[in-house]
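Trainee: Could you go through this one with me? I'd like to get my bearings before I look at any details.
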Amino acid sequence: MMTDDFDRILDECIDRINRGASLADCLSDYPKYSEKLRPLLQSMHDVQKACAFMPSADSKRAARQRFHAALDRQRQVSAPSSFLRVIPRSAVWAIIAVLVVAVMAVLVIQPVLNPLTVVPSPEGNFAFLISDEPNDIGDFESLNVTISRVVLQRAGSLKRLEFTPETETVDLTQLQGEQSQEIWRGNVTAGRYSHIYVYVSKVTGKLESTGHIVDVKLPSSKLHISMPFDVTDDAVTSFTFDITVVATGNNGRYILKPQIGESGARRG
Amino acid sequence: MNAGGRREISGMHEYETQLAGLYEEYYDKIARYVFIHIGNREEAEDIAGEVFLKALKSLKSYREQGVPMQGWLFRIAHNLTVDYLRKADRRRTVPIDSVVLVGNDNPIGTAEIHIDLERVTEAMKRLTTEQREVINLRFFGGLTSREVGGVLGKGDGAVREMQRAAIEKLRGILRIET
């Protein structure tokens, strides 16, 4: 215990001398230990004095310059770019996430959102026809419907394929009842399909009674039928999409609607 | 950049500033510490400068050490000194003529102190490696016992004990040879 106390006192005196205190000051503060402290502190003093060495000012200055030059270089390297300084890291991660999603969209989601386009072929396994269920079609001298594209959606999947009609514009007044017109034929992937979308870009109706062109509306830009049907490789599947026109009242307005009851696929 | 990133860079800048602040006080002490080991003034000055450059490059690793920065500097100094001695394969002799003595303009007194320097370095060789390192770091590096303990991986109590034993041994050697 005594040795430990003495070690502490000796240690404290060495600290004080290192900070510039005199040997006498230290000894006077510890009279009880001064006799034992004196020779040890004197030895310390002698050793330090004997080995006293001051680096040259020139060397110190040159080393200082090298150090600060290195410090400047390091700070320039470690400093974030102006872009990163302005934009928080969370935003950078958000941007990266968006880019990843964009790549995913291109590689994975894009085929779903943007259907596979199939080309027509006379020997194709699928034919698409338009017909008209006669409701108010009798009011028209002509009712031209321009179809920009047709999309088929696979059953139980988001995968879709689309085609552009070879015959884009059909006159529904010519397709009443059992009449129909094939607008596309080609090869589509065999399997079950559940949804058919007919995208209409233009409708022009001319009234029989007046010869006036009337406005025929669509609830949306497309006509949609949800109806499962199968396409096989060994037979031609013909799908007839029936469109009908109905008056919305006595205001002289008409709308186009899909007629699901008259639509459907047949094989052979 | 998020708050963590900013803190990281800010922390690095604080360490860099701290290191730069230690330069003026510790360059001399480190040079002295190295000089005691290798006995060559110019080489000691070069190594002292190299200590700060190496510390600057290694600041990231310093944060994981949990040692006061000045203690860490002496650890680097120790490693560089060991490397220097290993590579140079030199005998650890002190070139007396190259030593600049402080506060002594008397040629006779200077000669006496030159002799003392040689005796001290010879006496230091008779200490254990750890005792010698404690004396070097305490007397010439100016580190506290706790800081020395951080450098040597010892508790400050053990450092104080080694310190007292080393001084007693030095005194015994130097007194006998007087």
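Trainee: Okay, how much of chain A scores at least 70 in pLDDT?
Mentor: This is a predicted model, and in chain A 91% of the residues score at least 70, with an average pLDDT of 85.

Trainee: And which elements of chain A have the lowest and the highest mean pLDDT?
Mentor: Among the elements of chain A, helix H5 (residues 82-86) has the lowest mean, at 55, whereas strand E5 has the highest, at 93.

Trainee: Let's do the strands, then. How many bridges join E3(A) to E7(A), and do they run parallel or antiparallel?
Mentor: Strand E3 (residues 140-154) and strand E7 (residues 191-207) of chain A run antiparallel and are joined by 13 bridges. One place to look is A:Gln153, which stands opposite A:His195 in E7(A).

Trainee: What about E3(A) and E4(A), how do they pair?
Mentor: E3(A) pairs with strand E4 (residues 160-163) of chain A in the antiparallel sense, over 4 bridges. A:Gln153 stands opposite A:Arg160 in E4(A), and A:Leu152 has A:Leu161 of E4(A) as its bridge partner.

Trainee: How many residues lie between E3(A) and E4(A) in the hairpin?
Mentor: There are 5 residues between the two strands of that hairpin, and in the turn A:Gly156 has a positive phi of about 65°.

Trainee: Which way does E1(A) run against E4(A)?
Mentor: Strand E1 (residues 116-117) of chain A runs parallel to E4(A), and 2 bridges join them; A:Thr117 has A:Glu162 in E4(A) as its bridge partner.

Trainee: And how many bridges join E3(A) to E5(A)?
Mentor: E3(A) is joined by 3 bridges to strand E5 (residues 169-171) of chain A, and these two run antiparallel, with A:Thr146 standing opposite A:Thr169 in E5(A).

Trainee: Changing topic: where is A:Phe239 found?
Mentor: A:Phe239 is found in strand E11 (residues 237-247) of chain A.

Trainee: Why does A:Phe239 count as buried?
Mentor: A:Phe239 counts as buried because 21 other C-beta atoms lie within 10 Å, and the cut-off for a buried residue is 20 or more.

Trainee: What does A:Phe239 touch, leaving out residues up to four places away in sequence?
Mentor: On that basis A:Phe239 touches A:Phe128, A:Leu129, A:Ile196, A:Phe229 and A:Ala265. The C-alpha atoms of A:Phe239 and A:Ala127 are separated by 6.1 Å, although these residues are 112 residues apart along the chain.

Trainee: Now helices. Why does the span of H3(A) agree with what it should be?
Mentor: Helix H3 (residues 34-50) of chain A has 17 residues, so at 1.5 Å a residue it should span 24 Å, and its end C-alpha atoms are 23 Å apart, which agrees. The buried residues in H3(A) include A:Leu37, A:Leu40, A:Met44 and A:Val47.

Trainee: And H2(B), how far does it reach?
Mentor: H2(B), also with 17 residues, reaches 25 Å from its first C-alpha to its last, close to the 24 Å expected at 1.5 Å a residue. Among the buried residues of H2(B) are B:Arg41, B:Glu45 and B:Glu50, along with B:Ala48, B:Val51 and B:Phe52.

Trainee: How many helices and strands does chain B have?
Mentor: Chain B has 8 helices and 0 strands, and 40% of its 178 residues count as buried. Of the contacts in chain B with a separation of 6 or more, 66% are between residues 24 or more positions apart.

Trainee: Which residues touch the most other members of the largest nonpolar core?
Mentor: In that core of 57 residues, they are B:Ile30, B:Val34, B:Ala48, B:Val51, B:Leu73 and B:Ala77, and H1(B) gives the most to the core, with 11 residues. Neighbours within four places aside, B:Leu73 is in contact with B:Leu22, B:Tyr26, B:Ile30, B:Val51 and B:Ala55. Another core, of 31 residues, lies apart from it and includes A:Phe126, A:Phe140, A:Leu152 and A:Val198.

Trainee: Last one: how many residues of each chain are in contact with the other?
Mentor: 44 residues of chain B are in contact with 38 residues of chain A. H1(B), H2(B), H5(B), H6(B) and H8(B) each supply at least two residues of the side of chain B that touches chain A, and H1(B) gives the most to that side, with 12 residues. The residues there divide into 25 nonpolar, 7 polar and 12 charged.

Conventions. Residues numbered from 1 in each chain as written. Chains lettered and ligands numbered in written order. Predicted model: local features only at pLDDT ≥ 70, side-chain atom pairs only at ≥ 80, totals over all residues. Expected span 1.5 Å × (residues − 1). Buried ≥ 20, exposed ≤ 12 C-beta atoms within 10 Å, placed from the backbone. Contact = placed C-beta atoms within 7 Å. Nonpolar A, V, L, I, M, F, W, Y, C, P; charged D, E, K, R; others polar. Core = buried A, V, L, I, M, F, W, Y, C linked by C-beta atoms within 7 Å. Pairing = 2+ DSSP bridges. pLDDT = per-residue confidence, 0-100.
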